[in-house]
Structures are given as C-alpha cells and as structure tokens.
Amino acid sequence: MLEPVGLDDPTERTYRHLLASPPVTATELARHQSCSTAQARRMLDELVAVGLAVPSAGRPTRYAPLDPRIGLAALIRARRLELERAEAALDAYGAEFNERKLSSDPSRLVEIIEGPTAITDWLTELMAGAEHEVLCFDAPPYLTADASALRAEEDLLARGVRARAIYSSQVLAIPERAELLQRLVLLGEEARVLPHVPLKLLVFDRRDAIIPLTAGADDLRSTAALVHQSPLCDALVDLFEASWQQATPVFGSEARPADDHPDLGEDDRALLHLLHAGLKDETVARQLGLSERTLRRRIADLTARLGATSRFQAGAQAVRRGWL
C-alpha cells in the first residue's frame with residue numbers, strides 16, 4: 001500500500017511490525033522478518049530517513065514508530081509536492097517535443113482521421129483526458145446522439161473541467177438540440193450563440209483540436225483533422241476567443257445579477273439574447289414558449305424602450321448598454 005510514497009514491500013512490513021510491537025533492535029527485527037541484521041538495519045534506517053520511525057539514544061539502539069497520522073501524512077504531502085513539480089514541467093517538455101516535431105516532420109502535427117468510428121474514439125479519448133478547458137464551435141450536422149453528448153460533457157464538468165461553446169443559431173432551431181443545450185447550461189457549460197460559426201471545432205486544453213472536414217451521405221462526419229499543439233492550434237484558439245467576444249450568452253449562461261437592471265426582467269433578458277443572436281421569430285417564439293402575436297408585441301415594447309428601429313438593433317443596443 002505504501003509503494004506510491006517510495007516504500008517497498010519489506011520496508012512496509014517492517015513499519016507495520018513497529019506499529020504493532022514495542023521498540024525493537026535490528027537484531028530482533030531480523031529474527032522476526034527472517035532476514036539478515038544488515039537488511040533489517042537498512043529498512044529501519046530508511047523508515048527513520050522518511051520520518052516514520054525514530055531511534056533511541058541508548059545501546060542497543062531500539063526503533064519506535066512515529067504516529068502515521070503525522071509521519072505518513074508528511075510523507076504523502078512531500079510526494080504530492082514532487083508530483084506537482086513534475087507536472088509543472090509537462091508544458092515545457094511538451095513544447096520542446098512539439099518544436100522538434102515541427103522542425104523535423106511538420107506533417108506529424110496534423111493527422112487525418114478517417115471514419116465516424118475513429119473520430120468518435122478520438123473524441124472520447126480527448127474528452128476523458130481533458131484537465132482544464134474544452135472549447136467548442138458547434139453547428140449541424142451531428143456525429144453523436146444527444147444522450148452520448150450529454151453523458152460525455154456531464155462527466156467532463158463533474159471533473160471540474162471548464163466547457164465553453166459557441167453555437168450556430170441553427171442549433172436553436174432544432175428543438176431536441178436546443179433542449180440539450182439548455183441541459184448542458186444547467187450542468188455548468190458556458191454557452192454563447194452567433195448567427196454562424198466559422199467551422200465545427202473542439203479544442204482540448206489548448207493543445208489538441210479536432211476539426212470535422214467532410215460529411216457522408218448520412219450527414220455523419222467521415223473525415224476529421226486532429227491538430228496537435230502548434231502555432232496552427234494556437235490560431236484556432238485565438239479564432240475561438242475572438243468569436244467568443246462577439247457571441248451572445250444563451251439560456252441564462254453567464255447571467256448578470258437580477259438587480260443590475262431592475263426594469264429588465266429575466267424574460268426580457270432571454271428575449272434580447274435571442275434577438276441579438278439573429279434568430280428567426282419562429283425559433284424565438286418556440287424557445288420562449290410564446291405565440292407569434294405575443295412575441296411581436298414584446299419585441300415592439302423592447303424596441304421602443306431601447307429607442308431602436310429594428311429587432312436586431314434592439315439586441316445590439318442592449319449589449320452596448322450592458323443589459324446583456
């Protein structure tokens with residue numbers, strides 16, 4: 001059990017014996033462990049060195065254990081710090097590795113993945129390995145079923161990984177996809193929408209990106225590019241961040257406190273978000289559960305309050321005033 005903190009099995013058995021017995025000499029331990037006195041002394045000295053045992057001052061020297069809640073806890077903390085220092089070097093070593101790959105064989109920085117199954121396998125592996133953040137451009141058509149997408153992102157968010165997604169407004173016109181988006185926002189996804197996204201994209205920890213390239217007759221993506229850490233991957237991240245600044249939050253994602261604008265209700269805020277995203281009236285009415293007549297009346301009211309001349313200008317005015 002103590003191998004992860006650097007103790008081999010015989011030394012751990014020695015420690016367990018110390019915990020259960022009065023202080024022992026190296027000779028007594030050797031007799032109990034059926035080993036040489038030199039081997040027993042080596043194990044006892046190792047326990048002393050790592051702070052799990054203490055020798056007596058008299059002769060013969062006897063060894064007693066330290067409280068594991070103190071000594072073992074300190075050993076675990078020390079090993080954890082060592083691992084954290086090693087982890088901190090990952091990015092530096094990874095950058096050196098990618099720099100060498102780029103100079104020796106640039107073609108290895110972009111891999112072509114063939115077939116929906118292979119693409120799904122890669123996505124599953126990268127999602128499972130994500131540690132910090134996943135960025136996404138999303139638009140139809142879709143490779144995975146709603147249930148699969150929800151389960152994968154639920155696992156991701158449960159691990160504390162940040163997820164940010166920019167959706168094409170087409171997504172909100174698909175009822176089952178709009179419902180999925182709402183559920184993901186409730187789980188913690190930060191979601192925004194644009195009239196159009198430049199491409200479909202997933203970026204994992206700003207190191208690896210997957211870009212679907214072609215779609216088969218059944219609308220499933222059959223070829224994708226896997227871009228490893230490189231200036232190209234950095235450019236994809238920059239594209240996402242620039243688009244993020246222009247996109248509009250949806251379904252309460254990144255909602256402001258309710259008292260920021262006491263005259264603006266949550267229903268009005270939701271309507272303004274959808275207007276600013278450039279959605280059609282039919283889609284907006286379905287998302288808000290309104291009749292088209294009620295929607296037109298509310299749009300006219302908001303437009304008048306904002307001093308705007310069109311529904312699109314109303315959304316833009318709301319952003320400029322800090323209402324969204």
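**Reading the labels in this model**

User: Why does aspartate 205 count as buried?

Analyst: Aspartate 205 has a relative accessibility of 10%. Buried means under 20%, so aspartate 205 falls in that class. The model is a predicted one.

User: What makes aspartate 205 and arginine 207 a salt bridge?

Analyst: Their side chains meet at 3.7 Å, N to O. The cut-off is a Lys or Arg nitrogen within 4 Å of a carboxyl oxygen of Asp or Glu, so the pair qualifies. Arginine 207 is partly exposed, because its relative accessible area is 28% and that class lies between 20% and 50%.

User: How many salt bridges does the structure hold?

Analyst: There are 14 salt bridges. Another of them joins arginine 69 and aspartate 67, with the closest N and O atoms 3.1 Å apart.

User: Why is arginine 69 called exposed, and why is aspartate 67 called partly exposed?

Analyst: Exposed means over 50% relative accessible area, and arginine 69 has 70%. Aspartate 67 has 30%, so this residue belongs to the class in between.

User: How do you know that glutamate 46 and arginine 42 are about one helical turn apart?

Analyst: Both are in helix α3, and they are four residues apart. An α-helix has 3.6 residues a turn, so residues three or four places apart point the same way. The side chains of glutamate 46 and arginine 42 meet in a salt bridge of 3.5 Å, N to O. Glutamate 46 is partly exposed because its relative accessibility is 22%, and arginine 42 is partly exposed at 43%.

User: Which residues are linked in a network of salt bridges?

Analyst: The network links Glu133, Arg162, Arg164, Glu190, Arg206 and Glu241. Arginine 206 sits in the loop between β7 (201-204) and β8 (208-215). At 36% relative accessible area, arginine 206 counts as partly exposed.

User: What is noted about the phi of arginine 206?

Analyst: Phi of arginine 206 is near 60°, a positive value in a residue other than glycine. Most residues other than glycine have a negative phi. Serine 34 also has a positive phi, near 55°, and lies in the loop between α2 and α3. Serine 34 counts as exposed because its relative accessibility is 68% and the class starts over 50%.

User: How many aromatic pairs does a search of the whole structure find?

Analyst: The search finds two. In one of them, phenylalanine 137 and phenylalanine 240 lie 5.4 Å apart, centre to centre, with 55° between the planes. Phenylalanine 137 is in strand β4 (residues 133-138) and phenylalanine 240 in helix α9 (residues 231-246), 103 residues apart.

User: What makes the pair of phenylalanine 240 and tryptophan 244 stacked?

Analyst: The angle between their planes is 25°, and the centres are 5.7 Å apart. Planes under 30 degrees apart count as stacked, so that label applies. Phenylalanine 240 and tryptophan 244 are four residues apart in helix α9, which means about one helical turn. Phenylalanine 240 is buried because its relative accessibility is 0%, and tryptophan 244 is buried at 4%. With Phe137, the two form one aromatic cluster.

User: How do you know that the length of helix α1 agrees with its number of residues?

Analyst: Helix α1 (residues 9-20) has twelve residues, and at 1.5 Å a residue it should span 16 Å. The expected span uses one less than the number of residues. The end C-alpha atoms of α1 are 17 Å apart, so the two values agree.

User: Which residues of α1 are buried, and what covers them?

Analyst: The buried residues are Thr11, Glu12, Thr14, Tyr15, His17 and Leu18. Their cover includes α2 (26-33), α3 (37-49), β1 (53-55), β2 (63-65) and α4 (68-88).

User: Which residues form a nonpolar patch on the surface?

Analyst: Val110, Ile112, Leu213 and Leu232 form the patch, with about 330 Å² of accessible area together. Isoleucine 112 is in strand β3 (residues 110-114).

Technical notes
Residues are numbered from 1 along each chain as its sequence is written. This is a predicted model: local features need pLDDT of at least 70, side-chain atom pairs count only at pLDDT 80 or more; totals for chains, interfaces and linings use all residues. Side-chain values use heavy atoms; hydrogens and water are left out. Patches are made of residues with over 30% relative accessible area and no salt bridge: like charges are joined within 9 Å, nonpolar side chains (Val, Leu, Ile, Met, Phe, Trp, Tyr) within 5 Å. Accessible areas come from the Shrake-Rupley method with a 1.4 Å probe; for residues, only the protein chains shown count as cover. Helices (H or I, at least four residues) and strands (E, at least two) are DSSP runs, numbered from the N terminus. Buried means under 20% relative accessible area, exposed over 50%, partly exposed in between (1.4 Å probe, protein chains only). Contact means heavy atoms within 4.5 Å. Rings of Phe, Tyr and Trp (its six-membered ring) pair if their centres lie within 6.5 Å; planes under 30 degrees apart count as stacked, over 60 as edge-to-face and the rest as tilted.
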